Amino acid sequence: QVQLVESGGGLVQAGGSLRLSCAASGRTFSSYALGWFRQAPGKEREIVASISRRGGSTYYADSVKGRFTISRDNAKNTVYLQMNSLKPEDTAVYYCAAGVQVSKWDYWGQGTQVTVSS
């Protein structure tokens, strides 16, 4: 069992930056691939970025490539999402997820709101 708790969301102006963190419980953090997802009002949840168990492989949605960076610190049981050059369309609730493999997400956090004003 893995419990995930996101933090770092908030209100920021367009062009600004935020760094989201997701702290995980459990001793097997390094056994899981990790991902960040987001869901805007009236839209389906979409993947933003993912990272493999040891951090050697990452994936980004086209909409965030070059602006967002996912990273993980297995010693701290934490995954991060650095978000730069934020746009109003990045406004959403952001969730982190963990899974035994990328694309099979077994555990979810409660979400953190990110609002980008124009």
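This is a predicted model: local features need pLDDT of at least 70, side-chain atom pairs count only at pLDDT 80 or more; totals for chains, interfaces and linings use all residues.
Four strands make up an open sheet, ordered β1-β3-β8-β7, with antiparallel pairing. Its edge strands are β1 (4–7) and β7, each of which pairs on one side only. From one strand to the next, the twist averages 15 degrees.

Strand β8 covers residues 78–83. Five of its six residues are buried, so β8 is largely enclosed by the rest of the structure.

## Partners of β8

β3 and β8 are paired in the antiparallel sense over six bridges. In this pairing Ala-23 stands opposite Thr-78 of β8, and Leu-18 stands opposite Met-83 of β8.

β7 and β8 also pair in the antiparallel sense, over six bridges. Here Thr-69 has Gln-82 of β8 as its bridge partner. The two strands β7 and β8 form a hairpin, with four residues between them.

Is Thr-78 buried or exposed? Thr-78 has a relative accessible area of 9%, so it is buried, the cut-off being under 20%. The side chain of Thr-78 reaches the backbone oxygen of Lys-76 at a distance of 2.8 Å. Not counting residues up to four places away in sequence, Thr-78 touches Ser-21, Cys-22, Ala-23, Phe-29, Ser-71, Arg-72 and Asp-73.

Val-79 is also in strand β8. Val-79 counts as buried because its relative accessibility is 1%. In sequence Val-79 and Ala-23 are 56 residues apart, while their C-alpha atoms are 6.7 Å apart in space. With neighbours within four places in sequence left aside, the contacts of Val-79 include Leu-20, Ser-21, Cys-22 and Phe-29. Leu-34, Trp-36 and Ile-51 are also among the contacts of Val-79, as are Ile-70, Ser-71 and Arg-72.

In soluble globular proteins, nonpolar side chains tend to be buried together. The largest nonpolar core of this model has 31 residues, and the members that touch the most others are Trp-36, Leu-81, Met-83 and Tyr-94. The elements giving two or more residues to this core are β3 (18–24), β4 (33–39), β5 (46–51), β7 (68–73), β8, β9 (92–99) and β11 (112–117).

What does Tyr-94 contact, apart from its neighbours within four places in sequence? The contacts of Tyr-94 include the core members Trp-36, Leu-81 and Met-83. Tyr-94 is also in contact with Glu-6, Leu-20, Phe-37, Arg-38, Val-48 and Phe-68.

## The disulfide

How many disulfides does a search of the whole structure find? The search finds one disulfide. A disulfide is a covalent bond between the sulfur atoms of two cysteines. In this model the bond joins Cys-22 to Cys-96, with an S to S distance of 1.9 Å.

The link of Cys-22 and Cys-96 is right-handed, with 40 degrees about the S-S bond. This pair connects distant parts of the chain, since Cys-22 is in strand β3 and Cys-96 is in strand β9, 74 residues apart. Both Cys-22 and Cys-96 are buried. Cys-22 is also one of the residues touched by Thr-78, and it is among the contacts of Val-79.

## The loops on either side of β8

Most residues other than glycine have a negative phi, and most peptide bonds are trans. Asn-77 is not a glycine, yet it has a positive phi of about 55 degrees. Asn-77 lies in the loop between β7 and β8, in the turn of the hairpin that these strands form. With a relative accessibility of 17%, Asn-77 counts as buried, because the cut-off is under 20%.

Ser-85 lies in the loop between β8 and β9. Ser-85 is another residue other than glycine with a positive phi, in this case near 50 degrees. Is Ser-85 buried or partly exposed? Ser-85 is partly exposed, because its relative accessible area is 41%.

Key: Residues are numbered from 1 along each chain as its sequence is written. Side-chain values use heavy atoms; hydrogens and water are left out. Buried means under 20% relative accessible area, exposed over 50%, partly exposed in between (1.4 Å probe, protein chains only). A polar contact is a pair of N or O atoms within 3.5 Å; within protein, one must be able to donate a hydrogen and the other to accept it, and residues adjacent in sequence count only if both atoms are side-chain atoms. Contact means heavy atoms within 4.5 Å. A nonpolar core is a set of buried Ala, Val, Leu, Ile, Met, Phe, Trp, Tyr and Cys residues joined through side-chain atoms within 4.5 Å. Two strands pair if DSSP finds at least two bridges between them. Axes are lines fitted to C-alpha atoms, for helices over the stretch in contact, and angles run from 0 to 180 degrees between N-to-C directions. A disulfide is a pair of cysteine sulfur atoms within 2.5 Å.
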